[in-house]
Amino acid sequence: MARFPLLTATVPRHPAPRRECPSPLSADAFIEIDHVSFGYDASRTILNDVSLRFERGKVTAILGGSGCGKTTLLRLIGGVHPVSRGRVVFDGETVDAADQAQLYRLRRRLGLLFQFGALFTDLSVFDNVAFPLREHTDLDEALVRDIVLMKLNAVGLRGAAGLRIAEVSGGMARRIALARAIALDPELIMYDEPFAGLDPISMGVAANLIRKLNDSTEATSVVVSHDVQECFAICDYAYLLSQGRVVAHGEPAQLNASQQPEVRQFIRGEPDGPVRFHYPAPPLAEDLGIAP
Amino acid sequence: MTDALAGLGRFSLDALRALGHAAFFFVDLLRFSPAALRRFDLVVAQVHAIGNRSLLIIGASGLAVGFVLALQMYYALVTYGAAESLGLVVNLALVRELGPVVAALLFAGRAGTSLTAEIGLMKAGEQLAAMELMAIDPRARVLAPRFLGGIVAMPILALLFSTIGILGAYVVAVLLIGVDAGNFWSIMQAKVDVWRDLGNGIVKSAVFGLICTFVALYQGYECRATPEGVSQATTHTVVIASLGVLCMDFVLTALLFSTP
């Protein structure tokens, strides 16, 4: 049943106060990643025995550098790839990537904001947001229109409903994709790098929006990002991934206070530390042929 | 020697695997086609889009082929005093053979490559993945309507090609050379059979439409999601679809026109 909590939604200019989150996470996990290992091929392991829990109704952030397996985790939750080891549990049900009927049933309960929007370029802004409604419901076209306009209003783009996708900026595309992801009021909203490439104003607006959407729809939100401060401002709990492993997790304040070298390096953006900036290579002088 | 044998074995296995994969893809398209037919507006939109893409080139080529065919056939027939058969020869050549085959080759080059690029870019832009994660099967929503659209559009285009070709032949034969107009049309009416000639031509072009559209969609859906991958897939579409059309043309001609 579609709910309409965003009818009067407006985007505040300042971050909404963060709700208190009990620590540690309670047993009410909506998604559980249980000792999961995964690699796109046998020679390259992306995730190595990781365990994470996303609590119902909370915003959980997954932080980590590029290529550490954050987006892969979202794909595993959506059942895009089968896990090599371990299991992904979606609201008490183990996700089986080979069972298409189960996958489609579970996917109707989630919305994913893709890193680059993944909007349908042959459709207008309005039709993009209306797409899941038209495909999955028998709603009257007048009602579809109302819902689409409410969702677009929630992301501040009601006035852009008639534009073609080629006419919108990157930041607008991300917000349209968000409106599409929440069109069916999913129970789980996953955000893949929602702040990447946004200007500071759009970034603040996007962060507020994620928090507000989560609170108003009572959904569970998973935010994958490498923008530490934006994530810490809105999330209840965070995991830090590095080289396919969970190196730390906790509330933002706990992670901020952590003395663990990986955590300190990532949060402070230091080039030197346990995580190397340079890909393994012989010394530069040797490559340039000036070695003694 | 052992390496050569191993290489041959590997090549054969890869080819068989690719063939099996394509066969499963084809079965999927057939499986999702009834559902696509139930959403007939999507199929009609694709017939319109695919047909429109090829309309101009089909029309221009049909006219040019009609001009040349009339001229060449006139030179050949007049030698034997059979110039009055010109209308029949042109008609049979176009309706039975040139219409379906040339239109299919043009269709593969125009609409086929366009379909491959469209699907390939949807894949590269994660649009197909987004659809999957919305619990919408892209094979049902995107591919099946295009598959049916191609099968329906192709015979229409072939008929247009033949019609414009015959009109072009009329212009050259009757208006420029001076062949009798009544003779040009009446021999067609008397000798061309609607079911045997026209009907079989339509069957041929529907099969060619199926081959071209299937190849185009398969190449787009299975291509690497990179600019190089999409460009390679569009080239493969033209080559494979054209060869498929030419091979199947021989088989279909042997089957459909086996009796004089």
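Among the contacts in chain A with a separation of 6 or more, 68% are accounted for by residues 24 or more positions apart, in what is a predicted model. The secondary structure of this chain comes to 10 helices and 10 strands, and of its 292 residues 40% are buried.

Part of chain A is arranged as an open sheet of 6 strands with mixed pairing, in which the strands follow the order E6-E7-E8-E3-E9-E10. The edges of this sheet are formed by strand E6 (110-113) and strand E10 (245-250) of chain A, each of which pairs on one side only. On average, and with direction ignored, neighbouring strands of the sheet are turned by 15° against each other. Within the sheet, strand E3 (residues 59-64) of chain A runs parallel to strand E8 (residues 220-225) of chain A, and the two are joined by 5 bridges; in this pairing, A:Thr60 of chain A stands opposite A:Val222 in E8(A).

In chain B, helix packing can be described for helix H5 (residues 138-177) and helix H7 (residues 194-222), which pack at an angle of about 145° with their axes 7 Å apart. The crossing in which H5(B) passes H7(B) is right-handed. Residues that make the contact include B:Leu143, B:Phe147, B:Gly150 and B:Ala158 of H5(B), together with B:Ile202, B:Gly209, B:Cys212 and B:Tyr221 of H7(B). By class, the residues of this contact between H5(B) and H7(B) divide into 15 nonpolar, 5 polar and 1 charged.

The contact between the two chains takes 12 residues from chain A and 9 residues from chain B. On the side of chain A that touches chain B, helix H2 (100-107) and helix H3 (125-136) of chain A each supply at least two residues. This side of chain A has 7 nonpolar, 2 polar and 3 charged residues.

In soluble globular proteins, nonpolar side chains tend to be buried together. In the present model, the largest nonpolar core has 153 residues, and the members that touch the most other members are A:Ala179, A:Met190, B:Leu86, B:Val90 and B:Cys212. One of these, B:Cys212, also belongs to the residues of H7(B) that make the contact with H5(B). For B:Leu86, when residues up to four places away in sequence are not counted, the residues touched are B:Ala70, B:Met73, B:Tyr74, B:Leu77, B:Ala173, B:Val179 and B:Phe184.

How values were computed
Residues are numbered from 1 along each chain as its sequence is written. Chains are lettered from A and ligands numbered from 1 in the order in which they are written. This is a predicted model: local features need pLDDT of at least 70, side-chain atom pairs count only at pLDDT 80 or more; totals for chains, interfaces and linings use all residues. Helices (H or I, at least four residues) and strands (E, at least two) are DSSP runs, numbered from the N terminus. A residue is buried if 20 or more other C-beta atoms lie within 10 Å of its own, exposed if 12 or fewer, and partly exposed in between; C-beta atoms are placed from the backbone. Two residues are in contact if their C-beta atoms, placed from the backbone, lie within 7 Å. A nonpolar core is a set of buried Ala, Val, Leu, Ile, Met, Phe, Trp, Tyr and Cys residues joined through C-beta atoms within 7 Å. Ala, Val, Leu, Ile, Met, Phe, Trp, Tyr, Cys and Pro count as nonpolar, Asp, Glu, Lys and Arg as charged, and the others, Gly among them, as polar. Axes are lines fitted to C-alpha atoms, for helices over the stretch in contact, and angles run from 0 to 180 degrees between N-to-C directions. A crossing is left-handed if the near helix is turned anticlockwise from the far one by less than a right angle, and right-handed if clockwise. Two strands pair if DSSP finds at least two bridges between them.
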